[in-house]
Amino acid sequence: MPQGVSRRGWLLAASSLAAPAGWLAAPQVAHAGGQLEEPLMDSVRTALSSAIANQAPPEPEFFSTEARIHYLRWLGTMSDRLRRRKPEWEIRRDFLQTVWYESKRAGLDVSLVLGLVQVESAFRKFAVSSVGARGYMQVMPFWTRVIGDGDAGKLFHMQTNLRFGCVILRHYIDRERGDLFMALGRYNGSRGRSPYPDAVFGAQRNWLFGEKPQLPAG
């Protein structure tokens, strides 16, 4: 964080919508990753453990042609918005495809996850915070010890990091009975305080997509 700038001021500036280029040029500092170690349900452990074994970006599946078209339009729109952060098309596509898949798998809004990644790591795969949190979603290394072999380096693998981050956020939302404000605070280690949730909600607006997929008849 730049000297002379408060954490609240920096976070709110990073989520400003008045100038989209502003967050693209924001200081590349990782700001979160203050999750606390706590007991996990077996289903959460299983979801996290399976991520470590996966290597390739997952392939989304669709219930209809309309749903697939909706996804491709979303992918094109988000790709244009992310181009300055990730210039290479293949890397950008794989990242967005994995965010889509892991968000849907965890029952999360994709725009919320992208907003969280923006605030957490500024879309940097190898970001490390001052407390040691790693990767796109700034996952704390203790999670790999809780459910795996303790190799924190695996948190730099794209799908592993996004799976961990989405499952952990879903876990916190469930713990907070659906209260996103409190769940985001828990994810950041600042439960009950507003700067971090406000920043994520602000950043989320950069990733909203208006089109709705058509549901199959009947």
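User: What makes Arg186 and Glu176 a salt bridge?

Analyst: A salt bridge is a side-chain nitrogen of Lys or Arg within 4 Å of a carboxyl oxygen of Asp or Glu. The closest N and O atoms of Arg186 and Glu176 are 2.8 Å apart, so the pair meets the definition. The model is predicted, with local features needing pLDDT of at least 70 and side-chain atom pairs counting only at pLDDT 80 or more, while totals for chains, interfaces and linings use all residues. Residues are numbered from 1 along each chain as its sequence is written, and side-chain values use heavy atoms, leaving out hydrogens and water.

User: Why is Arg186 called buried?

Analyst: Buried means under 20% relative accessible area, exposed means over 50%, and partly exposed lies in between (1.4 Å probe, protein chains only). Arg186 has 17%, so it counts as buried. Glu176, at 10%, is buried as well.

User: Why is Arg83 called partly exposed?

Analyst: Its relative accessibility is 41%, so Arg83 falls in the partly exposed class. The side chain of Arg83 also meets that of Asp80 in a salt bridge, at 2.7 Å from N to O.

User: How many salt bridges does the rule give?

Analyst: The count is 6.
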